[in-house]
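Please keep the sequence and the three-dimensional view at hand while reading.

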Amino acid sequence: MSYDGTDQVVFPAGAATQTSAAEAAQGEWDAVVVGGGMAGSIVAEQLGQAGYKVVILEAGPGKDLDLAEYESYLSRFYGAVVKDNQSPYPFNPNARMPRSTDTMPVDPSTPRDDFYLVQEGEYCTDTTFTRVLGGTSMHWEGKALRMLPEDFDLRTKYGQGLNWPLGYDDLEPYYRKAEAELGVAAEVEDQAYLGMHFPKGYVFPMHRMPLSYLDQTVARGVDGMRVTLADDEYTLQVRSFPQARNGVPNAAYDGGKGFVPVGAVSTSQAEEGERCQGNTNCVPLCPVQAKYHSGKTLAKALSRGNVEIVTQAVASKVEINEHDRRVAGITVKKYESLDSEKYEEYTVKGTVYILCAHAIENARLMLASDMQRMSRSKLIGRNLMDHAYLLTWGLLPQPAGTMRGTTCTGGITDLRGGRFRASQAGFGVDIHNDGWGWATGSPYTDLVELVDKRGLRGRDLRRTLGNQISRQLLLAFMIDLLPDSSNTVTVDERYKDALGNLKPVVSFKIPPYTMRGAAFARKLATDIFEKLGAEDRTTYDKDSYSAVEHDGQWYNIVGGNHLAGTHIMGTDPAHSVVDHTQHSWDHENLYLVGPGSLPSIGTSNISLTMAALAFRSAGHIVRHLRAAKAPAVVRA
Amino acid sequence: MTQSTDAENKLREFVKFSATVTGFSEFDLWGTGQAEAYYETAVNQEGQEAIEKAMASDPSAVPADPVVGSIVKLWYVGVWYGPELAGRMDVAAWTAPGRSGAKPAVPDDSRPEGSRPWLAASGRHQAGEERAHGGDGREPLFVVSPDAYTEGLLWRAIGAHPSGAKAPGYGSWVNPPVFED
């Protein structure tokens, strides 16, 4: 432990580059993991701890996770003229990621380098995921909500969506494991709602993040507000969100043993990564690593010796033995650098294979490997989900301290569940400490408006900016989106990236069930703004790629970066791609671990559930390996 | 007292003028450490003559000299928005710190009909890693330096801190905002 009370994680220097793809291809691995993000890191760490030899194949650049590299992300963000939510990460033509700058409908004649996600339809989602070591956990906001018990059997309860092959109680112990690994700050008293329950005496690793002055301002109007929905009455309340970021450790954690937060990851001891300092920059990058990223798990895994990683290795094909349908290897394209399209191909072999490349890349890889042909459900790439975000914004009567805090400390979660879900989607409401930024590009748009359009100068400008921006309130409604087999990831020979890998083709529409929730959300926002005396400034643009019409009204539905559902889990191979352990129904030595396995996403940000499932699956993979490696019994 | 060079005098004039139009004191402006870089940026982009003309222009004139607007915005956020980008809300939105989601979620229609979206280019440029060049060799849009971003005056004006820098500390967000001015 360091002087600041955090547990320092040292990333072994050179670990990102010391294993060459050629060496990996000659090795005998117990497990081959594709992707060094949250799911891949957790699985690798758990298998390594159980004594198995693991290799991680990572598409991102081959840089150690050390402070210098992390600072380069930060510096790139400061200096980037387009500060979109991927701006800290280097442009990599060989393993591209979607960006809001390239959200547009494309066709085969669109220049190859103009885009990564292929979207041909009118509606285009601006959702993203990140392809660097640490994956999207570098960029995630850090909200760590559990799913509600009713989310696991939505079909039985409300006749909507799909049931899970496991329930809240099956996952509960793994939620606790995930909350420890990610370092979640919350209070049980805040989180025990809508049926969420915790073992007696459980406390979260750290105390809740304090509610912002903005949250408190909203709470003064909202707390106790009543809403009637499908004949039921709900009372609203501003509540703190559980967050995977370092706060004040709870001394009562683990039966009084307490909790030691995990600090910054570097190749040497780094006195950083203590408590959240309020940088208001969780997305796209926490400058001090107070927010969990999977490098914290990966560094542990790599330090122990059983786990190695090969970087700049883009998985391009899952090799299948046609005879028994077992996976025979993962072929990677190992590229030389971010400036060159030169690569060499290697096939890496192991006893089990675990794809942890996130919902879109897992599906893309399997489809590019022609695995749908062998899928009994034909559901690879189908049921793509993401939370539908409806943004609403208003101007409060008094300065409320907007633009300070973590991106979001509080919100309204009372309408996440209830009987109304039989006819319309539930939602959570985020109170955005970062003002109207997401919707309008504030505060820079305010500056341009005041300087160029209103001609303000000097003290007048300075005062007006302060008064105007500090009063901004943005409510982001995160709306449930059910599995729908027509929302898909596919591949198309006409779309390839710089290495010749097929790009993901995404076809995604917002279903009416979700839009009914959105329409209700819009009305609720109007009521909340009225209660607060805020001027409603929400406008929607029907000419945008995010425009959706519902009941004669136009809305903009933007992406949540909560991609899920391209290889859903279920109870039978005809209707799902994996079983409850994320074990492929069709390939005996293949696991698909990640948000793609979620059969529904409810109204919780997906990472905590994905992490809990990764811990659960790791246990099953250990049993699988134990059986596979046991000496064969020879019968006389 | 040492003799001031012509260049130093010009820089002082620039800062004096900047104090009037930004509403921050000369002391504040020197304190950012950006004065020289900003003066150089403005002169390189628009030429000495245009800068002097802007500094001599009537601040209350309608329409105001757009170069003055470029200088004000430069101090506030460290971005050089060429005068041809005055009033471009779409450009402002893309250059604002990323924060929550992809953006702008609700685009503004201020891009003049027929004008090229300045990010309509591929790869590194689209990702903002390379500077855009105007037809005449000028660069209508760039962040002067990583430090210019964190030294933006905007954040002080709004009682906050640059997104991703100069964090005020754990729990600081609980209290009402304090405005220096």
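In strand β21 of chain A, the bridge partner of A:Ala547 is A:Asn556. Strands of this kind (E, at least two residues) and helices (H or I, at least four residues) are DSSP runs, numbered from the N terminus. This is a predicted model, in which local features need pLDDT of at least 70 and side-chain atom pairs count only at pLDDT 80 or more, while totals for chains, interfaces and linings use all residues. Residues are numbered from 1 along each chain as its sequence is written, and chains are lettered from A and ligands numbered from 1 in the order in which they are written.

Two strands are said to pair if DSSP finds at least two bridges between them. β20(A) and β21(A) form a hairpin with 2 residues between them, and A:Asp551 in the turn has a positive phi of about 55°. Strand β21 (residues 553-558) of chain A also pairs with strand β13 (residues 388-395) of chain A, in the antiparallel sense over 2 bridges. Here A:Leu390 stands opposite A:Ile557 of β21(A).

A further hairpin can be found elsewhere in chain A. Strand β4 (residues 226-229) and strand β5 (residues 232-235) of chain A pair in the antiparallel sense over 4 bridges, and A:Leu229 stands opposite A:Asp232 in β5(A). There are 2 residues between these strands, and A:Ala230 takes a positive phi near 50° in this hairpin.

The helices may be considered next. Helix α14 (residues 512-532) of chain A has 21 residues and should span 30 Å at 1.5 Å a residue; its end C-alpha atoms are 30 Å apart, which agrees. The expected span is 1.5 Å times one less than the number of residues. Among the buried residues of α14(A) are A:Tyr513, A:Phe520, A:Leu524 and A:Ile528. A residue is buried if 20 or more other C-beta atoms lie within 10 Å of its own, exposed if 12 or fewer, and partly exposed in between, with C-beta atoms placed from the backbone. A:Asp527 is also found in helix α14 of chain A, and A:Asp527 counts as partly exposed because it has 14 C-beta neighbours inside 10 Å. The C-alpha atoms of A:Asp527 and A:Val222 are separated by 9.6 Å, although these residues are 305 residues apart along the chain. Just after α14(A), A:Gly533 takes a positive phi of about 70°.

Helix α12 (residues 444-453) of chain A has 8 of its 10 residues buried, so it is largely enclosed by the rest of the structure. The buried residues of α12(A) pack against α11 (437-440) and α13 (458-469) of chain A together with α5, α6 and α9 of chain B. A:Gly455, whose phi is positive, near 65°, follows α12(A).

At the level of domains, whose bounds come from an automatic or database domain assignment, chain A is assigned domain 1 (7-99 + 117-143 + 165-243 + 261-435 + 471-624) and domain 2 (443-469). The contact between them takes 6 residues from domain 1 and 4 residues from domain 2 of chain A. Two residues are in contact if their C-beta atoms, placed from the backbone, lie within 7 Å.

Which residues have the most contacts inside the largest nonpolar core? They are A:Val43, A:Leu57 and A:Ile354, in a core of 240 residues. A nonpolar core is a set of buried Ala, Val, Leu, Ile, Met, Phe, Trp, Tyr and Cys residues joined through C-beta atoms within 7 Å. This core draws at least three residues from each of domain 1 and domain 2 of chain A.

Chain B has 9 helices and 2 strands. Of its 181 residues, 48% count as buried. Where the two chains meet, 69 residues of chain B are in contact with 83 residues of chain A. By class, the side of chain B that touches chain A has 40 nonpolar, 22 polar and 7 charged residues. In this classification Ala, Val, Leu, Ile, Met, Phe, Trp, Tyr, Cys and Pro count as nonpolar, Asp, Glu, Lys and Arg as charged, and the others, Gly among them, as polar.
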